[in-house]
Amino acid sequence: PWESVEVRVPEEYMGSVVDLLNLRKGELQDMGLEEGEGMSVVKYLVPTRGMLGIRSALLSSTRGTALIDSVFDSYRPRIQGDIQARDKGSLLAFADGSATTFGIEGAQARGNMFVKVSDDVYKGMIVGIHQRPGDLEVNVCKTKALNNMRAATKEVKTGVIAPIDMSLDSCVEYLAADEILEVTPSLFRMAKN
């Protein structure tokens, strides 16, 4: 299936929108300016599988100013080649257990987290977004060694940054081909397949 996509965006972001839609194997149909508003309008035909995950990428590249409308257009033969996926890897849980403050503080230096303190995790579960390409296993269940030694960094307190709240749509956007989504009534969990 293919979708007809219309994006309204300020003129200065038009180049990044066109680049993004071209990477998703879109076909340019029309481009122009809206009168009086300083907004550019671009119309594309994009495969539906190319639309998965595009919302957050478009909003990021246009600083939240894009207006996106899409509607089913037609069925066509499947396009050849892969559609570009996300450019960052995942942070994977190293072991089963419950996430701890100490473990999350260590892991959040590697990327943005999906889990909060005391969440149950299992080996291979996706607990965050790695800041670089490729996956990385992190131990979010690690506990601090309780000993009688004083540390030079005792006064340094980083704290746990609030996790990214993932909806069902954002989980589906995030998934790569080798990842699965577990849906329960109370939460969504992603893991490597």
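Me: Is Gly106 buried, exposed or partly exposed, and what's its relative accessible area?
Reply: This is a predicted model, and in it Gly106 has a relative accessible area of 47%. Buried means under 20% and exposed means over 50%, so Gly106 counts as partly exposed.

Me: Ok, and which helix is Gly106 in?
Reply: Helix 4, which covers residues 101–107.

Me: How far is Gly106 from Val140, C-alpha to C-alpha?
Reply: Their C-alpha atoms are 7.7 Å apart, while along the chain the two sit 34 residues from each other.

Me: Switching to cores. Which residues touch the most other members in the largest nonpolar core?
Reply: Val7, Val9, Val17, Leu21 and Val42 do, in a core of 16 residues.

Me: Which helices and strands supply at least two residues each?
Reply: Strand 1 (2–10), helix 1 (14–23), strand 3 (39–47) and helix 3. Helix 1 gives the largest share, with five residues.

Me: Pick out Val17 for me. What is Val17 in contact with, skipping neighbours within four places in sequence?
Reply: Val17 is in contact with Val7, Val9, Val42, Leu58 and Thr62.

Me: What about the second core, how many residues does that one have?
Reply: That separate core has 13 residues, including Ile104, Ala107, Val140 and Cys141.

Me: Oh, a cysteine! How many disulfides are there in the whole structure?
Reply: Zero, going by a search of the whole structure.

Me: Are Cys141 and Cys171 buried or exposed?
Reply: Cys141 is buried, at 16% relative accessibility. Cys171 is buried too, with a relative accessible area of 1%.

Me: New topic: the surface. Which residues form the nonpolar patch there?
Reply: Leu52, Leu168, Val172, Val183 and Phe188. Together they have about 420 Å² of accessible area.

Me: Where's Leu52 in the chain?
Reply: Leu52 is in the loop between helix 2 (48–51) and helix 3 (54–61).

Me: Why does Leu52 count as exposed?
Reply: Because its relative accessibility is 52%, and the exposed label goes to anything over 50%.

Methods: Residues are numbered from 1 along each chain as its sequence is written. This is a predicted model: local features need pLDDT of at least 70, side-chain atom pairs count only at pLDDT 80 or more; totals for chains, interfaces and linings use all residues. Side-chain values use heavy atoms; hydrogens and water are left out. Patches are made of residues with over 30% relative accessible area and no salt bridge: like charges are joined within 9 Å, nonpolar side chains (Val, Leu, Ile, Met, Phe, Trp, Tyr) within 5 Å. Accessible areas come from the Shrake-Rupley method with a 1.4 Å probe; for residues, only the protein chains shown count as cover. A salt bridge is a side-chain nitrogen of Lys or Arg within 4 Å of a carboxyl oxygen of Asp or Glu. Helices (H or I, at least four residues) and strands (E, at least two) are DSSP runs, numbered from the N terminus. Buried means under 20% relative accessible area, exposed over 50%, partly exposed in between (1.4 Å probe, protein chains only). A nonpolar core is a set of buried Ala, Val, Leu, Ile, Met, Phe, Trp, Tyr and Cys residues joined through side-chain atoms within 4.5 Å. Contact means heavy atoms within 4.5 Å. A disulfide is a pair of cysteine sulfur atoms within 2.5 Å.
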